[in-house]
Amino acid sequence: MRKTDDIGGSGFEALEPRQMLATDLAVSLGALENRFDRGAKTDKIKVVATITNVGTDRYTGNGNVVFFLSTDNVLDDADVRFATQKLPRVSNPGSRGTVRLDVAEPKFVNPSNSANALAAGDYFVIAKLELSPGGADSNSANDSAASEQTVAVDYTFGRVDSANTYQSLTVQLPNGASVEFSLKGAGRGTLSRDSSGRTVVTISGTDRKTDVTIKVKDKKRTGTIGVVSVTSPLKSLKGESVFLQGSASFTRGVGELKLSGVRNSSVTITDPFLFYSETVLDLGEVTNSVVVQEDGTVNRLQVKSWRDTDGSPDSFRADSAKQVSASGDFQASLTLEGPNRDGLAVSRVQINGEVSGEWRLARGVGTIQVGSVAPSFRAGIVGPIENLRTARDFSGLWAFQTLKRMEIGGSVNGATMLAGTILGEDLLLGGTGANADQFFPGTIEFITIKGVLNNSTFAAGLRTTDDVLLNGDDTFVTVGFSGVRALEVRLTMQNTTFASSVLPDRVKINRRNVNTSGDVRFVRALPVGA
């Protein structure tokens, strides 16, 4: 063996330092593609990520390639993670693998974590290696790479080109529901978030042939939108399993509005006569809300129920309506200010539950058919009622011109029925100025009550000067015919008065014929007892 000089005088040659083997994975991104895919009907993000083992040793672990959207090309906590792909096999030094990303552009307008909401704008795509602890990587500096191009994230839906290609928009709402927004016809829609984090839908450029559909894709979930603003005419807006919680305004009218519910909201429709003289409103479950159509006739207002739980008055106001219906209770006040094509404020009211609130109708009603009427109910109807029916009990204060037929399926307790009376603005007896009442001839023709009749007053053509009836200051209107034609009470009648200058000679009470002459419950002359 050859001897050489050495530090320790051993006579052996010193060994050269040996380099330690190391694993090092690096990622790079190719050209970024971001365009609308007609087949998928959505914007797509396409890019190839290349992963190379640039180290000197084998990589024995596994992992993922995770993709982020970033407003800059530096990865930080503000970036939004949107896709994950499995790491390709890059075991040997110098080996290379690719991941081809081809996904729908993410739309996180209002996720459950609002800090990760993805606003409209331009974003870089960043790919980052997430490696398992068992596969040591000696250099983390090359574990991420950013694209040179950007992705244009927007929240628009509707026609995207002159070839009538329509782009739908699918977003994730705070409860995790995936909701699709689509528009067919002229115009476009956009989504955004307001300062409260609510989803805002803005629609413009539409015409009377445009349909907008909002659909929750997961049938087990519902979606909530906070604000709807439509500044052009619209044929329809339909939300499947969608609830409004905020406000909706249609400044040029809408032909049909259909939602699963309206909660703590206001809905305003103006200028509907330009295209839609008869709007259809199908609002599902309504709670603590106000709905207004400024002009024109509502063909149908339909709800599952309308409940007022916050003490602030709920209301529906329109020029007139053909039909108002509810499967359950209807606790909103109803104001109808003009005639429909039938010359009535509303042609038919069909409510299966209890009615409460206040009704102010500037014209008459064809048919009112309800489940029951709450004692707090008040109605001022400037016109006739053709038919009034209930399935169960009846109460409240009613003022109207005439009533042709009244059929009560249950009992009547604490009701006041005033034919030939127009109540003032407060819908109460007595008052001056705007609250002053007016009195005219009036009739109630046929009354049938299947239960008992207690603590009530029925009057036709009665004039009073205060808020108490039959207390000595009342008189009958003498010009024109006023009267009650027929009465049948299947059970008992107590503490109840019928007052009119014309009353039937005989009525049927508790299945017996009763002679009204001399019966103090039937008043033909005033003051009472004179």
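The largest pocket is lined by 16 residues, and Leu-259, Ser-260, Asp-282, Gly-284 and Lys-304 are those that lie nearest its centre. Strand 17 (234-240), strand 22 (278-287), strand 24 (297-307) and strand 26 (320-326) are the elements that each give two or more residues to this lining. Here a strand is a DSSP run (E, at least two residues), numbered from the N terminus.

This is a predicted model, in which local features need pLDDT of at least 70 and side-chain atom pairs count only at pLDDT 80 or more, while totals for chains, interfaces and linings use all residues. Residues are numbered from 1 along each chain as its sequence is written, and side-chain values use heavy atoms, with hydrogens and water left out.

A pocket is an open set of points on a 1 Å grid over the protein atoms alone, where a 1.4 Å probe fits, with protein on both sides within 12 Å along at least five of seven lines; lining residues have an atom within 4 Å of a point.

| Pocket | Volume |
|---|---|
| Largest pocket | about 240 Å³ |
| Second largest pocket | about 200 Å³ |

In the second largest pocket, 15 residues form the lining, and Arg-360, Leu-361, Gly-380, Val-382 and Leu-423 lie nearest its centre. Strand 27 (333-336) and strand 29 (358-361) each supply at least two residues of that lining.

Away from these linings, the report turns to one residue. Gly-226 is found in strand 16 (residues 223-230), and it counts as buried (under 20% relative accessible area, 1.4 Å probe, protein chains only) because its relative accessibility is 3%. The C-alpha atoms of Gly-226 and Val-80 are separated by 24 Å, the two residues being 146 residues apart along the chain.

Methods
Helix = DSSP H or I, 4+ residues; strand = E, 2+ residues; numbered from the N terminus. Buried < 20%, exposed > 50% of the residue type's maximum accessible area, 1.4 Å probe, protein only. Points joined across faces, edges and corners; volume = space filled by probe spheres on them.
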